[in-house]
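Hi,

Here is the structure I promised to pass on.

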Amino acid sequence: MKISDNFKYKGLRNKLVKELKIKGIKDHNVLSAIKSVPRHFFVDDALLELCYLDKALPIGNKQTISQPYTVAFQSSLLDVKPNDKIMEIGTGSGYQAAILSFMKAQVYTIERNRFLFRKTKKILFNLGYGVLTFYGDGYNGLPKLAPFDKILITAAAPEIPVFLFSQLKIGGILVVPVGGSVNQEMLLIKKLSDKKMDITKHGVFSFVPMLKNKS
Ligand code: SAH
């Protein structure tokens with residue numbers, strides 16, 4: 001098992017939280033999750049020294065752990081409440097899922113890449129986060145476990161995934177970066193009824209693509 005948490009890492013997290021506040025993150029629950037969840041448990045040992053910089057980092061298989069600002073921004077848009085039932089598409093390192101779980105959400109997360117799925121499932125389990133992990137194509141969502149209060153997509157979708165929208169409760173929220181391979185617009189989509197959505201745009205980000213099928 002990996003190195004433990006210590007004052008050095010706690011200090012680096014406090015510094016990161018200050019930086020995120022300056023960059024405009026205001027949600028106290030999100031900031032306290034970033035302050036508490038040890039991001040260094042979710043990256044390889046070779047990246048330990050970099051993991052409290054506000055940067056995306058490689059996690060293997062050409063995938064990345066999102067930049068802390070992006071994790072904080074998406075989590076803020078989700079407006080997480082205790083017991084919210086949240087589906088995340090793109091488990092990756094598991095860090096975003098751990099942040100949501102720390103905020104007392106019930107988290108269901110899907111990863112299409114078998115290597116990352118296996119590795120991250122173990123990490124989340126060993127750390128005691130009660131996150132439910134699924135191996136599959138996130139485009140299908142989790143129809144048997146729907147509906148969800150919120151859905152978070154942490155990979156770039158070419159268009160709004162309507163099938164996932166159908167797995168939201170009325171009044172629910174879908175946060176998804178939509179666009180091409182270089183950058184995407186962050187959309188916050190509220191489900192007003194089965195056919196009606198209210199869409200707002202929240203700036204440009206850069207995610208790895210949301211791919212079809214499992215690998
Ligand atoms: N939330 C992650 C960010 C991961 S990057 C974190 O906190 O680290 C995006 C992840 O989405 C990658 O792991 C990639 O394999 C995964 N992904 C891409 N398309 C997917 C799909 N259709 N279904 C599920 N996961 C997908």
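Predicted model: local features only at pLDDT ≥ 70, side-chain atom pairs only at ≥ 80, totals over all residues.

**The chain as a whole**

The protein chain has six helices and nine strands. Its radius of gyration is 16 Å, close to the 17 Å that the globule rule gives for 215 residues, so the chain is as compact as a globular protein of that length. Along the principal axes, the C-alpha atoms fill a box of roughly 50 × 35 × 35 Å. Of the 215 residues, 50% count as buried. The accessible surface comes to about 10500 Å², and carbon and sulfur atoms make up 57% of that. If you look at contacts with a separation of 6 or more, 55% of them are between residues 24 or more positions apart.

**The sheet**

Seven of the strands make an open sheet with mixed pairing, and the order across it is E5-E4-E3-E6-E7-E8-E9. At the edges sit strand E5 (132–135) and strand E9 (197–205), each pairing on one side only. On average, neighbouring strands in this sheet are turned by 15 degrees against each other, direction ignored.

At the E9 end, strand E8 (residues 184–191) pairs with E9 in the antiparallel sense, over seven bridges. If you want a spot to check by eye, Leu188 stands opposite Thr200 in E9.

Two helices are worth a look here. Helix H4 (residues 95–102) lies across strand E3 (85–89), strand E4 (106–111) and strand E6 (148–153), and runs at about 170 degrees to E4. Helix H5 (residues 114–127) also packs on the sheet, where it touches E4 and E5; the direction of H5 makes about 165 degrees with that of E5.

How much of H4 is buried? Seven of its eight residues are, so H4 is largely enclosed by the rest of the structure. The buried ones are Tyr95, Gln96, Ala97, Ala98, Ile99, Leu100 and Ser101. After H4 comes Lys104, with a positive phi near 70 degrees.

**Aromatic rings**

The count comes to nine aromatic pairs. One of them is Tyr69 with Phe205, a stacked pair at 6.4 Å centre to centre and 10 degrees between the planes. Tyr69 lies in helix H3 (residues 68–78) and Phe205 in strand E9, so this pair ties together parts that are 136 residues apart in sequence. Both Tyr69 and Phe205 are buried.

Another pair, Phe117 and Tyr135, is tilted, with 5.6 Å centre to centre and 40 degrees between the planes. Here Phe117 belongs to helix H5 and Tyr135 to strand E5, so the pair ties together parts 18 residues apart in sequence. Phe117 counts as buried, at 14% relative accessibility, whereas Tyr135 is partly exposed, with a relative accessible area of 23%.

Tyr95, which is among the buried residues of H4, also turns up in an aromatic cluster with Phe42 and Tyr129.

Strand E1 (residues 57–60) and strand E2 (residues 63–65) pair in the antiparallel sense over three bridges, and Gly60 stands opposite Gln63 in E2. This hairpin has two residues between its strands.

A quick reminder before the next bit: most residues other than glycine have a negative phi, and most peptide bonds are trans.

Asn61 is partly exposed, with a relative accessible area of 39%.

Asn83 is a further non-glycine residue with a positive phi, near 75 degrees. You'll find Asn83 in the loop between H3 and E3, and at 56% relative accessibility it counts as exposed.

Finally, there is a cis peptide bond between Ala146 and Pro147, with omega at about 5 degrees. Pro147 is in the loop between E5 and E6.

Cheers

Key. Residues numbered from 1 in each chain as written. Heavy atoms only, no water. Pairing = 2+ DSSP bridges. Helix = DSSP H or I, 4+ residues; strand = E, 2+ residues; numbered from the N terminus. Axes fitted to C-alpha atoms, helices over the stretch in contact; angles between N-to-C directions. Contact = heavy atoms within 4.5 Å. Buried < 20%, exposed > 50% of the residue type's maximum accessible area, 1.4 Å probe, protein only. Rg over C-alpha atoms; globule rule 2.2 N^0.38 Å. Areas by Shrake-Rupley, 256 points an atom, 1.4 Å probe, with all protein chains shown as cover. Phe/Tyr/Trp six-rings, centres within 6.5 Å; stacked < 30°, edge-to-face > 60°.
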